[in-house]
Amino acid sequence: MQGKPRPAATAAEALSRMDQFVALGIVGQQEVAQRLGLNVTDLTCLGHILGADEHPLAAGDLAELVDLTTGAVTGVLNRLEKAGYARRRPDPADRRRVRVVAEPAAAARVFAVYQPFYDRLGALFADYTPDETAVIADFFERAAAEVRAHCAQVRAGELDAPEGLPPAGTMGG
């Protein structure tokens, strides 16, 4: 398969398009979460639980994946269990650990909402060669690492607003 000719794009143009994609993704996640009766954090965690499939995540693994404290993940799991989306089960190899699995009926509801979108993206990937798809996948993996690093800096207070802007927590209040 030969790749299609693509219009030239600068890094700034690619970043602008990525910003648009991310912004639409945030809005889309909020709409999907609302449709499923969840908040975005719970939906994100549920996505990781579903993605683990036959290798259920420990609660600590989930906390690491979504960069939350184990206490925050406990709250997420409590809400997902109460809503019927997931359940905890003892780890067969270590009874002190807990694994999280999705409830099959709930998983079907989530897939019903996402599958049309994934079908659309699958059609887009069909327009790319395997080498082009590998570049896209590599970019997303490396960009995710940069997002994690940036979020860590923001949380640590290493990035301050320029002079003249109000201090954090004082806007919209």
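**Figure 1. Overview of the predicted chain.** Of the 173 residues in the chain, 20% are buried (under 20% relative accessible area; exposed is over 50% and partly exposed lies in between, with a 1.4 Å probe and protein chains only). The model is predicted, so local features need pLDDT of at least 70 and side-chain atom pairs count only at pLDDT 80 or more, whereas totals for chains, interfaces and linings use all residues. Residues are numbered from 1 along each chain as its sequence is written, and side-chain values use heavy atoms, with hydrogens and water left out. The chain holds six helices and three strands (DSSP runs numbered from the N terminus: H or I of at least four residues for helices, E of at least two for strands). Their order from the N terminus is α-α-β-α-α-β-β-α-α. Along the principal axes, the C-alpha atoms fill a box of roughly 55 × 55 × 30 Å.

**Figure 2. Nonpolar surface patch formed by residues including Phe21 and Phe139.** Phe21, Val22, Ile26, Phe139 and Phe140 make a patch of about 490 Å² (nonpolar side chains of Val, Leu, Ile, Met, Phe, Trp or Tyr joined within 5 Å, from residues with over 30% relative accessible area and no salt bridge; a salt bridge is a side-chain nitrogen of Lys or Arg within 4 Å of a carboxyl oxygen of Asp or Glu; areas follow the Shrake-Rupley method with a 1.4 Å probe). Helix H1 (11-35) and helix H6 (130-155) are the elements that give two or more residues to the patch. H1 contributes the most, with three residues. Phe21, found in helix H1, has a relative accessible area of 46% and is therefore partly exposed.

**Figure 3. Crossing of helices H1 and H2.** The axes of H1 and helix H2 (residues 40-52) come within 9 Å and cross at roughly 90° (axes are lines fitted to C-alpha atoms over the stretch in contact, with angles from 0 to 180 degrees between N-to-C directions). H1 is therefore roughly perpendicular to H2 (65 to 115 degrees). Gln29, Gln30, Val32 and Ala33 of H1 meet Val40, Leu43 and Thr44 of H2 (contact: heavy atoms within 4.5 Å).

Figure 4. Leu43 is buried, with a relative accessible area of 4%. Not counting residues up to four places away in sequence, Leu43 touches Gln29, Val32, Ala33, Leu36, Leu38 and Tyr114. A separation of 11 Å lies between the C-alpha atoms of Leu43 and Val66, which are 23 residues apart along the chain.

**Figure 5. Asp91 in strand E2 (residues 86-91).** At a relative accessible area of 6%, Asp91 is buried. Beyond its neighbours within four places in sequence, Asp91 is in contact with Arg97, Val98 and Arg99.

Definitions and conventions
Patches are made of residues with over 30% relative accessible area and no salt bridge: like charges are joined within 9 Å, nonpolar side chains (Val, Leu, Ile, Met, Phe, Trp, Tyr) within 5 Å. Angles under 35 degrees count as roughly parallel, over 145 as roughly antiparallel, 65 to 115 as roughly perpendicular and the rest as oblique.
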